[in-house]
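Hi everyone, thanks for making time. I have one model to walk you through today, so let's get it up on the screen.

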Amino acid sequence: MMNLLAVGIAAGLAALGASIGIGLIVSKTVEGVSRQPEARGPLMTIMFIGIGVVEAVPIIAIVISFMLMFMF
Amino acid sequence: MEHGNPIWTYDVFGLPVTFNLSTVMMIIISSLVVFLVAFFMTRNLSVRPTGKSQVLMEVLMNFVKGIISGNMAWKQGGRFHFLALTLILYIFVANMLGLPFAFIAPDEEHTLWWKSPTADPSVTLTLASLMIVLTHYYGIKMRGTKAYLKSYAQPVWFMAPFKFIEEFTYNLTLGLRLYGNIYAGEILLSLLIMVMASGALGFVGGFIPLMIWQGFSIYIGVIQAFIFVMLSMVYLSHKVSDDH
């Protein structure tokens, strides 16, 4: 039972942090595109790299929480 | 929920080496699919494209070319064109294979035979370490050992330990990002299928979310293939380009 609690806390906190981070990245990109629409292509590429880098951490947390759920 | 794995163990000098047979099978299947697609799409090439397949392949090659030339000069990066093309096709096909259905053997362990090969950490971490080793190889080959070693002490000498650890972090995050996305997607798919199999109400309630999640998984598969190739090329350009 305790491991389910741990899974919930780990996955929830990871989702919270990652959603804040990705929201910041996308909002700044939208700001940049609206200021300079011709820079849309490069900005989108950089945005996807940033999202990829940010997303790695919560995904690792999700994998750890799956391991907690099924292995123990 | 818990699926078994068809594990086959073989002793090499007393050390057990484990093979996950379903992963081996799925790697072979996705390699075959990529080979056949690339083979039959590039038959009957012409200067003025007549069929759809040649146009699609040219669009894909231009896309990969755009990824590389966004990171390094084409004089240096041109040699990675087909590497990046193979990588993006392989990861895309591998991500897509587990989506339409899964095959679970009707034994007591519920052995899972059909899945995405990228839903296995050994596959994705192997791909990631392959790319990282390749960056070091090309860093030494194209810039020389001296410049390669000197790049660790840039911009100041005490950054060297951090740069050294960074290589392992790149490897870990590059592999685990792909694995985590695909594995989490497949877990959620099988959870939704369990909801649908639980009864009439579950079938009605789980049908729409299952379709939505499958559509979202296609998006995730495309984005992850793109990000894997993109980051590999960024790491390659760190080692290869000598503008700093």
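Let's start with a serine: the side chain of Ser30(B) reaches the backbone oxygen of Met26(B), at 2.8 Å. Keep in mind that we're looking at a predicted model here. Where does Ser30(B) sit? You'll find Ser30(B) in helix H1 of chain B, the one covering residues 21-41.

Now, is Ser30(B) buried or exposed? Its relative accessible area is 0%, and buried means under 20%, so Ser30(B) counts as buried. And who are its partners? Leaving out residues up to four places away in sequence, Ser30(B) touches Tyr90(B), Val93(B), Ala94(B), Leu97(B) and Pro117(B).

Okay, on to the place where the two chains meet. Chain B puts 19 residues into the contact, and chain A puts in 13. For chain B and chain A, the buried area is about 1,400 Å², and carbon and sulfur atoms give 82% of that.

What about polar contacts between the chains? There's one residue pair in polar contact between chain B and chain A, with both residues at pLDDT 80 or more. On the side of chain B that touches chain A, helix H7 (160-197) and helix H8 (200-240) of chain B each supply at least two residues. H7(B) gives the most to that side, with nine residues. By class, that side of chain B has 13 nonpolar, four polar and two charged residues. As for salt bridges, the count between chain B and chain A is zero.

Conventions: Residues numbered from 1 in each chain as written. Chains lettered and ligands numbered in written order. Predicted model: local features only at pLDDT ≥ 70, side-chain atom pairs only at ≥ 80, totals over all residues. Heavy atoms only, no water. Contact = heavy atoms within 4.5 Å. Buried area = accessible area lost by both parts, 1.4 Å probe. Salt bridge = Lys/Arg side-chain N within 4 Å of Asp/Glu carboxyl O. Polar contact = N/O pair within 3.5 Å; in protein donor to acceptor, adjacent residues only side chain to side chain. Helix = DSSP H or I, 4+ residues; strand = E, 2+ residues; numbered from the N terminus. Nonpolar A, V, L, I, M, F, W, Y, C, P; charged D, E, K, R; others polar. Buried < 20%, exposed > 50% of the residue type's maximum accessible area, 1.4 Å probe, protein only.
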